[in-house]
Amino acid sequence: DENRYKMSEYGVGALALQGSDKALRWVEWYSRKYKSKKANVGAAALAALETAAIELSITIHELGDRVVPDFGFDGLFKHFTIEGDEYRSFIDSNFKIAFFNENNKKLKSLPAAASAELKEEFKIIGKEVRDIVRSQSSRLEYYLIIQRRWEFDQWQKFFLQNPVMFIYATKLLWGTYDREGKLLQTFLCNEDTSLIDINSEEISIETGNYIGIVHPSQLDAELLQRWKKQ
């Protein structure tokens, strides 16, 4: 068992040295998954992440954000042309790739006239999205536990401009916090990227405040029930 764990440590280190975004995403996942069980593997992953983050002059958490790909999307959409007709793809609420034609009609699948290269590209993206969901779902749960905060511009870039993370943005309850960690306001993100409060009124975030995932224990009973109805 000890030799197997040693090999796992070396494997994690080798994965980190590869340096690709995908490799670093999985190293980050190992650092959390094996934080207690197989702690030496988790420690090796954490050390590899710390080294990479130091080289980039950012935190480990910021590194985790940076290595989530956008697949060449322009914001939330990827535009392409088939036989002169314009289309755009996006990630739907079920984390599946979906398509619109130029008349804003949602299509059940990629048009049959699409080239083999385009079909293969979206096939690869679909598989990658599934992998990302596996790692990011547990990552966001971890950030809820440790109460991670994002500066608003960081949060906006990561959650409102990334086609995969935007789906998470619409599924979670968010809060704005001051520098002391006091919860100031709670809000949801709409599918049109607008931010709304409990009264369904659009809000704006003040410069200097932070964004975090709201834990139910931070809400009083009345507000918690109102958000549950939402």
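Me: Is Phe95 buried or exposed?

Reply: Phe95 counts as buried because its relative accessibility is 16%. Buried means under 20% relative accessible area, exposed over 50%, and partly exposed in between, with a 1.4 Å probe and protein chains only. This is a predicted model, where local features need pLDDT of at least 70 and side-chain atom pairs count only at pLDDT 80 or more, while totals for chains, interfaces and linings use all residues. Residues are numbered from 1 along each chain as its sequence is written, and side-chain values use heavy atoms, leaving out hydrogens and water.

Me: Where is Phe95 found?

Reply: Phe95 is in the loop between E2 and E3. Helices (H or I, at least four residues) and strands (E, at least two) are DSSP runs, numbered from the N terminus. The hairpin of E2 and E3 has 5 residues between the strands, and Phe95 takes a positive phi near 60° there. The C-alpha atoms of Phe95 and Val133 are separated by 7.9 Å, with the two residues 38 apart along the chain.

Me: How many bridges pair E2 with strand E3?

Reply: E2 and strand E3 (residues 97-101) pair over 5 bridges, in the antiparallel sense. Two strands pair if DSSP finds at least two bridges between them. Ser89 stands opposite Phe99 in E3.

Me: Which strands form the sheet with E2 in it, and in what order?

Reply: The order is E1-E2-E3-E4, an open sheet of 4 strands with antiparallel pairing. At its edges are E1 and strand E4 (106-107), each of which pairs on one side only. In general, strands of a sheet pair through backbone hydrogen bonds, either parallel or antiparallel.

Me: Which residues form the negative surface patch?

Reply: Glu83, Asp85, Glu86 and Glu102 form the negative surface patch.

Me: Different topic. How many salt bridges does the structure hold?

Reply: It holds 4 salt bridges. A salt bridge is a side-chain nitrogen of Lys or Arg within 4 Å of a carboxyl oxygen of Asp or Glu. In one of them, Arg139 is joined to Asp65, with the closest N and O atoms 2.5 Å apart. Arg139 is in helix H5 (residues 116-146) and Asp65 in helix H4 (residues 60-66), so this pair ties together parts 74 residues apart in sequence.

Me: Are those two buried or exposed?

Reply: Both Arg139 and Asp65 are buried. For Asp65, the relative accessible area is 12%.

Me: What else does Asp65 form a salt bridge with?

Reply: Asp65 also forms a salt bridge with Arg148, where the closest N and O atoms are 3.0 Å apart. This pair links distant parts of the chain, 83 residues apart: Asp65 is in helix H4 and Arg148 in the loop between H5 and E5. Arg148 counts as buried, at 8% relative accessibility.

Me: And which residue does Lys78 form a salt bridge with?

Reply: Lys78 forms a salt bridge with Glu121, the closest N and O atoms being 3.3 Å apart. Lys78 lies in strand E1 and Glu121 in helix H5, so the pair ties together parts that are 43 residues apart in sequence. Lys78 counts as buried at 14% relative accessibility, and Glu121 as partly exposed at 30%. Elsewhere, salt bridges that share partners join Asp65, Arg139 and Arg148 into one network.

Notes:
Patches are made of residues with over 30% relative accessible area and no salt bridge: like charges are joined within 9 Å, nonpolar side chains (Val, Leu, Ile, Met, Phe, Trp, Tyr) within 5 Å. Accessible areas come from the Shrake-Rupley method with a 1.4 Å probe; for residues, only the protein chains shown count as cover. Lys and Arg count as positive and Asp and Glu as negative; His and the chain ends are not counted. The place of a charge is taken as NZ of Lys, CZ of Arg, CG of Asp or CD of Glu.
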